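Open the model in your viewer and keep the sequence panel beside it.

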Amino acid sequence: MESKIEELKKIAEEKIKNIQNSQELQDLKVQLLGKKSEISNLLKGLGALSPEERPKVGALVNKARTEIEEKIEKAEKKIKEKMLEEKIQKETIDITLPGTKIQRGSKHPVNRVIEEIEDLFVSMGYDVISGPELETDEYCFERLNLPQGHPARDMQDSFYITNEYLLRTQTSAVQARAMVANTEKTPIRMICAGKTYRREDDATHSHQFGQVEGLVIDKKERNVSLADLKGTLEIFVKKLIGKNCELRFRPSYFPFTEPSYEVDVSCFKCGGKGCSLCKQTGWIEVLGAGIVHPNVLKMNGYDPEKFGGFAFGTGLERLAMFKYGIPDMRYLYTNDIRFLSQFDRKDEE
Ligand code: PHE
């Protein structure tokens, strides 16, 4: 009997040693210790033994069983470790492989221009402010000296939402907002860039475009004059477009400024000699500007005898086009990556 148990143990050990994976081990467990295993059979057969032999053999069989169980447990642990090892091996990352390239976006040229303008004017003590794109007729026109039926309204064909509300046609609406909001009548030095809308669509106009507005108001005795306006715009244009730009102020008309000017820069392409960009004139129109109209001051809570200042406004797309030499405005709206991704490089030049 004893030798049979020994034999059984040996065979079991041998089998356990040859196990390769956990499935095989599970099967072997059933085979060695299950209900139909030899060990179970031996235990079942104990009843047939003599009372003297029974405890002896019983102890031996149980011992053998425990030993086999322990061996299986050890084997199980080993297999688990082996599997983990293999998994780790498989999952190691080869850092020498080339990575997946992440497509990096770049700032839109119009936003670059906005940031540059804001930085410049902040450095001159201006506040950056904003106003609503859905504007009231009152702020977009009335408070800017453009009452209902004023012929100058025709120059800005508008998207009206209701009789009262429209998509703002000009950032000048923010001039009125800045004045009305400034109940303390502290000096105003503000710059405001944003979207504007007009009902026009052709090669050089879009129904949506960007404008930037500047407004300076101070007490009369501070004498904010046309000379200040000229100096400010000169700094603005030279910084944004090029050091060698000359400025020209042409008398013009805007309902909210008096006197009003159209500001041209010398053509940066031909240097003023005349080319296709400047239509052979040597000059390119860039800004509208002027001294704030007394009516506008009055309508927005300021005594024109006591306060005065200047305002200017310009289109952002045109500035971006001049700055970067973009030949067609439509490039700015079509979101072509090949176009948009060029500007990181251009700004570094
Ligand atoms: N808002 C004017 C336009 O859209 C530009 C302008 C702004 C003119 C401020 C004078 C002063 O044409």
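Is N335 buried or exposed? N335 is exposed, at a relative accessible area of 53%. Here buried means under 20% relative accessible area, exposed over 50%, and partly exposed in between, with a 1.4 Å probe and protein chains only.

A word on the model before going on. This is a predicted model, in which local features need pLDDT of at least 70 and side-chain atom pairs count only at pLDDT 80 or more, while totals for chains, interfaces and linings use all residues. Residues are numbered from 1 along each chain as its sequence is written, and side-chain values use heavy atoms, with hydrogens and water left out.

**Stop 1: two positive phi angles**

Stay on N335. Its phi is near 55 degrees, a positive value in a residue other than glycine. N335 sits in the loop between helix 10 (316-324) and helix 11 (337-340). Helices (H or I, at least four residues) and strands (E, at least two) are DSSP runs, numbered from the N terminus.

Now select Q280. It is not a glycine, yet its phi is positive, at about 65 degrees. Q280 belongs to the loop between strand 7 and strand 8. Q280 is exposed, with a relative accessible area of 56%.

**Stop 2: helix 1**

Select residues 2-17. This is helix 1, with 16 residues. From first C-alpha to last it reaches 23 Å, close to the 22 Å expected at 1.5 Å a residue. The expected span is 1.5 Å times one less than the number of residues.

Colour I5, L8, K9, A12 and I16: these residues of helix 1 are buried. They cover an arc of only 100 degrees around the axis, which puts them on the same side of helix 1. The arc is taken from the directions from the helix axis to the C-beta atoms. An α-helix has 3.6 residues a turn, so residues three or four places apart point the same way.

What do the buried residues of helix 1 pack against? Show helix 2 (22-33), helix 3 (38-44) and helix 4 (53-91), which are their partners. Contact here means heavy atoms within 4.5 Å. Then turn to the other side of helix 1, where S3, K10 and K17 are exposed.

**Stop 3: the ligand**

The side chain of Q170 has an N or O atom 2.9 Å from a nitrogen atom of the ligand. For the side chain of S172, an N or O atom is 2.8 Å from a ligand nitrogen. In the side chain of Q211, an N or O atom is 2.9 Å from an oxygen atom of the ligand. Taken alone the ligand exposes 330 Å², and the protein buries 90% of that. Areas come from the Shrake-Rupley method with a 1.4 Å probe; for residues, only the protein chains shown count as cover.

**Stop 4: T169**

Select T169, in the loop between strand 3 (165-167) and helix 7 (173-181). T169 is buried, at 0% relative accessibility. Its side chain makes a polar contact of 2.5 Å with that of Q156. A polar contact is a pair of N or O atoms within 3.5 Å; within protein, one must be able to donate a hydrogen and the other to accept it, and residues adjacent in sequence count only if both atoms are side-chain atoms.

Not counting residues up to four places away in sequence, T169 touches residues including R198 and Q211.

**Stop 5: strand 7**

Select residues 257-266, which form strand 7 and include T257. T257 is buried, with a relative accessible area of 3%. Beyond its neighbours within four places in sequence, T257 is in contact with A289, G290, I291, V292, H293 and A311.

Which bond is cis here? The peptide bond joining E258 and P259 is cis, with omega about -5 degrees. P259 lies in strand 7.
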